[in-house]
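Please keep the sequence and the model in view while reading.

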Amino acid sequence: MLHGHAVAGGLELALACDVVAAADTTLIGDGHLNRRLTPAGGSSVRLPSAVGRGLSRWLLLTGKLLPATEFANTGWIRAIVPEADLDATATRICHQLADRNSPAQQRLKTLLHRIDGIAPEHALREELATFADNWQASSAADALRAFLALPTTKADTK
């Protein structure tokens with residue numbers, strides 16, 4: 001959840017998050033150059049994939065701060081809302097994630113972090129290995145059998 005300013009280290013923390021919500025008044029930027037510093041917490045690595053090469057280079061090389069609304073089309077921020085709605089929005093998002101809490105979600109999160117930035121052929125091998133581990137460790141087979149045993153409705157057969 002971002003409000004106020006997310007600059008330098010604050011930006012780097014936000015970039016390490018799986019899901020981000022922001023108040024529309026939040027100012028976001030790298031800002032390291034403003035203090036004659038370079039990033040050390042991941043913004044030079046994570047920012048390009050989060051917001052795109054052009055915008056990330058602009059933010060990194062200028063130290064400029066932009067309002068959260070400027071990031072709306074990047075896909076990085078899940079929700080940009082009025083500041084008064086931020087807590088409720090963040091709570092709703094947290095509940096949506098928590099409702100799916102399971103060993104499978106935990107394995108998937110680990111997988112997503114492990115494959116970030118690696119070549120697709122290696123990432124696909126990691127995905128298959130995670131699938132196999134999850135299949136063995138959980139009741140995935142039982143869940144699949146239950147799914148296949150669900151009664152069909154008229155809408156399903158059309």
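The model described here is a predicted one. Once residues up to four places away in sequence are set aside, Gly31 touches Val7 and Gly63. Val7 is 24 residues from Gly31 in sequence, yet the two C-alpha atoms are 5.9 Å apart in space.

His32 also has its place in the loop between S3 and H2, and with a relative accessibility of 9% it counts as buried. Leaving out neighbours within four places in sequence, the contacts of His32 are Ala8, Gly9, Glu12, Leu37, Thr38, Pro39, Ala40 and Ser43. Arg36 is found in the loop between S3 and H2 as well, but its relative accessibility is 82%, so Arg36 counts as exposed.

Where does Ala8 lie? Its position is in the loop between strand S1 (5–7) and helix H1 (9–15). Is Ala8 buried or exposed? At a relative accessibility of 17%, Ala8 counts as buried, whereas Arg36, at 82%, counts as exposed.

## How H2 packs against H3

Two packed helices are described by the angle between their axes and the distance between the axes. For helix H2 (residues 43–51) and helix H3 (residues 53–62), the axes come within 7 Å and cross at roughly 140 degrees. H2 and H3 are therefore oblique to each other, and H2 passes H3 in a right-handed crossing.

On the H2 side, the residues that take part are Ser43, Ser44, Leu47, Pro48 and Val51, and they meet Arg53, Leu55, Ser56, Leu59 and Leu60 in H3. Sorted by class, the residues of this contact between H2 and H3 comprise six nonpolar, three polar and one charged.

## How H5 packs against H6

The next pair is helix H5 (residues 103–115) and helix H6 (residues 120–137), which pack at an angle of about 165 degrees with their axes 10 Å apart. H5 and H6 are therefore roughly antiparallel to each other, a description that applies to angles over 145 degrees. H5 passes H6 in a right-handed crossing.

Which residues of H5 and H6 meet? From H5 come Pro103, Ala104, Arg107, Leu111, Arg114 and Ile115, while H6 contributes Ala123, Glu126, Glu127, Thr130, Asp133, Asn134 and Ala137. By class, the contact of H5 with H6 holds six nonpolar, two polar and five charged residues.

## Asp24 and Pro82

Asp24 lies in the loop between strand S2 (21–23) and S3, and Pro82 in the loop between strand S5 (79–81) and helix H4 (86–98). Although 58 residues separate Pro82 and Asp24 along the chain, their C-alpha atoms are 5.4 Å apart. Asp24 has a relative accessible area of 31% and is therefore partly exposed, and Pro82, with 41%, is partly exposed too.

When residues up to four places away in sequence are not counted, Asp24 touches Pro67, Ala68, Thr69, Ile80, Val81, Pro82 and Glu83. Gly54, by contrast, is 30 residues from Asp24 in sequence, with 22 Å between the two C-alpha atoms in space.

## Aromatic pairs

How many aromatic pairs does the structure hold? There are two aromatic pairs, and one of them is formed by Phe71 and Trp76. This pair is edge-to-face, with 5.8 Å from centre to centre and 70 degrees between the planes. Phe71 and Trp76 are both buried.

Key. Residues are numbered from 1 along each chain as its sequence is written. This is a predicted model: local features need pLDDT of at least 70, side-chain atom pairs count only at pLDDT 80 or more; totals for chains, interfaces and linings use all residues. Side-chain values use heavy atoms; hydrogens and water are left out. Axes are lines fitted to C-alpha atoms, for helices over the stretch in contact, and angles run from 0 to 180 degrees between N-to-C directions. Helices (H or I, at least four residues) and strands (E, at least two) are DSSP runs, numbered from the N terminus. Angles under 35 degrees count as roughly parallel, over 145 as roughly antiparallel, 65 to 115 as roughly perpendicular and the rest as oblique. A crossing is left-handed if the near helix is turned anticlockwise from the far one by less than a right angle, and right-handed if clockwise. Contact means heavy atoms within 4.5 Å. Ala, Val, Leu, Ile, Met, Phe, Trp, Tyr, Cys and Pro count as nonpolar, Asp, Glu, Lys and Arg as charged, and the others, Gly among them, as polar. Rings of Phe, Tyr and Trp (its six-membered ring) pair if their centres lie within 6.5 Å; planes under 30 degrees apart count as stacked, over 60 as edge-to-face and the rest as tilted. Buried means under 20% relative accessible area, exposed over 50%, partly exposed in between (1.4 Å probe, protein chains only).
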